[in-house]
Amino acid sequence: MKSYILKRLVQAAICLIGVSIVIFFLTHISGDPVLLMVPPEATEKDIEEMRTFLGLNEPLYIQYGKFISRAVQGDFGQSIRWNRPTIELFLERFPNTLLLATAAMVFVVCIGIPVGVISAIKVGKWFDSIGKVFALLGQATPVFWVGIMFILIFAVQLKLLPTSGVGGWRNVIMPAITLGWFFTAALTRISRSAMLDVIDREYIKMERIMGISELRVIGKYALKNAFIPILTLGAVNFVILLNGAIVTEMVFNWPGVGRLIVDGIFTRDFPVVQTCVLIASSFYIFMNLFVDILYAYIDPRIRYQ
Amino acid sequence: MFKKSKGKLRFILLLGILFCFFCLLLVVPCQAQKAPKGKIVVVTAGTFGITGGDCHTASGGSALTFVSLIHDPLVISRPDGRLHPAVAKSWKFSEDAKSLRITIDDRAKFQDGASITAEDVKFSIERAMRQELKYVYGGDLRQKIDRFKILDDHNMIIYFKESYATFFDLHCQYFGVVPKAYVEKVGDAEYAKRPIGAGPFRMLDFKQDVYAEFEAVDNHYRQTPNVKRVRVLCVPEEATILAMLKSGEADVSTAPVSTFMELRYDPNARLVWSKFQSLDSLAFYDLAFPDVRTPFFDVRVRRAASYAINRKAICEKVLHGAAQEWGDILAPYHPGVDPNIPPPAYDPKKAEALLKEAGYPNGIDTTLAAFPTHRLKAQAMASDLAKVGIRTKLIVPEAGIYFRQLREKAFRGLGHHMGPWWAGKTHPGAALQSTMSSKTYWSYVTTPEAEAEQTKLESLTEEKDLAVQARKLSKIYRDSEIRYMLWANHIPFGVSKRVKQWEPNPGWINPGSLDLLQLVD
């Protein structure tokens, strides 16, 4: 088991180095931040002075070496724009993203699983048909469109909720539903198919023959066994929600990490983009590592392969 | 008896007059110092463009709003399009504009009550010159400031290395005077978080690129604001800004470019305009490469391209009135402007004839480069050009790539070119600098004659001389036909119905002069 974990850790470290190289070079070839910082009246001399000051005239591999040697010590550098440590900017925004992702996940779980389960039980009936349409719409409609429609209906027309921004619980409702919309549909589908798979099994039929109530059969025996794929998808979805809230954050003016990345890209604030993407990638890599270790623990065949 | 009652009457009359006099004494100051009240929400697009509330980190754009709230510059730009005294009560340039004598207003105070001295002004300019703070015009200051001479607490002379008559214009929007003692005590990072300026509002709370909260300074030396609180929000998405204006959540905002027309018919909001922000022109990038002869080296082909474009239709149908045809290189707020100069004419038949005359009866194939936010304008231009036989391939790179290609002179053929950036600058030398000087990459193509006249213009300080020189430069530029004027751009602002009166500064891209805003009672 120890050697298996060690092997996985080495693989994760290699993966992180690869990601850091890709992020670094991709951001640096996308343009010159200095040209976005200087006014139209700036002379060539001003531009060159600023480039030298920011260290952008050095060869890319030297810039990368400096970046990575500082990063391993926990120093991700200073934002070119704001003269502040990028990690400070990230940590300032991360709680907002976490709140939004958690609220969206609550919506996903509370709607996706019940709709999927009931659709499976009532297979072929009207509820199942509505459930299928709901799942199809959820996966087919773009997030930005859903968001704008919510704003138009609930904020501009009905004036029930604020259009955007952070504040109280009312500010969370629309962004959370918008963000969770797609994943709710996905979870509805997976819950439905997992339940359909389980409720046809012999042991479920046996429970029914034994006269156990339908609610108990579904709640205790069927759902418990159908939960494995649902949980796996749910866990992966949560990480995606954490890292993939960019569009929702832009539409609802939600000050999270996604907006920070977009602003960083537009202003060519390389250190900010590198820090945020590197941390987001680390989430994925470590989540995968954790799942791999967990599988190996549960299923010994994996660690002996 | 009669005498006695007459005396009594006089006494009562005197008392009455005295009473009225005291009432007047009480009422007059109350009216002059009307207490600020109410709260407004101001929305800016993009980022705040400033670190915290530190004006010397302002990098452009939305920083205009921030700086104008917290800080006061030496002279201030107002909605009438002129410069007014602020921290500097009076000023005088030397004849060659190589030195500037400033007298500081002895009423001017920082928000902590400390008086503003010449030392504070010197410290502020030197601080803005520090490269690590990245003040937008820091490079300009480093290049031109020579030394300071402090005469006393309220009088000083700034010596420049070269003529710097544009000093006030470049440093009246993003620059502010900061308190030396306080900044030295708390340091740069802390100053950005808890700034003290001389502006009409103090900053209460701030979150980078999210929101900022301001409160009016009572009895401000220059202008006590009418509104007590201002909340500035940074909203990146245009549709969201529109929704905020429609729902009444925002009181003042840069109206979304693509959807501002909707506000024309909205009962909850109205449009106000910051006019003459910049000039768009039709540029011939090929002229920057005299070794590679292309059809655009023939002035008849250039004229044909200009005649082909229906400026009026584009302003009305594509830009919905956010621009107007304009023939001068100067804006209405510049001395020397001639509003009677007609915009280049639209005559597609003449364009075709000119092309034929130049030896291109079958037309020409070329490229047309444009900035991403100007794609629609460029598409309309390309369509007009194609009608006369100038077939263009549209090149619209992403903003950062566009700037790089412009700097590297990677564009060829035609360009929908932005500039001059008037941006409310009242000195025509400052407003035309980016277009006329070959030292700036924005100019792309200029002529030695225009550049020499521009240098002369930049050294003038008297309005009469400025008017003559600006007019001369305008004529030289128009006669050179290296570019043709297209239209002057206006910036729409959405204003809620709660706002009774507010006028933006002409040419400003973001809301300013918010201390003058009045709410409905």
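Predicted model: local features only at pLDDT ≥ 70, side-chain atom pairs only at ≥ 80, totals over all residues.
In chain B, four strands form an open sheet in which the order is β4-β5-β7-β6 and the pairing is antiparallel. In general, the strands of a sheet pair through backbone hydrogen bonds, and this pairing may be either parallel or antiparallel. The edges of the sheet in chain B are formed by β4 (88–93) and β6 (145–152), each of which pairs on one side only, and from one strand to the next the twist averages 20°. Between β6(B) and strand β7 (residues 155–160) of chain B, which run antiparallel, there are six bridges, and within this pair K149(B) stands opposite I157(B) of β7(B). Helix α3 (residues 118–128) of chain B packs on the sheet, where it touches β5 (99–104), β6 and β7 of chain B, and the direction of this helix makes about 170° with that of β6(B).

When residues up to four places away in sequence are not counted, F148(B) touches K122(B), I125(B), E126(B), M156(B), I157(B) and I158(B). For one of these residues, I158(B), the separation from F148(B) is 10 residues in sequence, while the C-alpha atoms of the two are 4.6 Å apart in space.

The largest nonpolar core holds 82 residues, and the members that touch the most other members are L282(B), Y402(B), W422(B) and W487(B). Helix α12 (residues 375–388) of chain B gives the most to this core, contributing six residues. The surroundings of Y402(B), again without residues up to four places away in sequence, consist of contacts with Y285(B), A370(B), F371(B), P397(B), F411(B), H416(B), M418(B) and W442(B).

In chain A, helix α5 (residues 86–121) and helix α8 (residues 170–199) pack at an angle of about 35°, and their axes are 6 Å apart. The crossing of α5(A) and α8(A) is right-handed. When the residues in the contact of α5(A) with α8(A) are sorted by class, 24 are nonpolar, seven are polar and one is charged.

Notes:
Residues numbered from 1 in each chain as written. Chains lettered and ligands numbered in written order. Heavy atoms only, no water. Core = buried A, V, L, I, M, F, W, Y, C linked by side-chain atoms within 4.5 Å. Buried < 20%, exposed > 50% of the residue type's maximum accessible area, 1.4 Å probe, protein only. Helix = DSSP H or I, 4+ residues; strand = E, 2+ residues; numbered from the N terminus. Contact = heavy atoms within 4.5 Å. Pairing = 2+ DSSP bridges. Axes fitted to C-alpha atoms, helices over the stretch in contact; angles between N-to-C directions. Left-handed = near helix turned anticlockwise from the far one by under 90°. Nonpolar A, V, L, I, M, F, W, Y, C, P; charged D, E, K, R; others polar.
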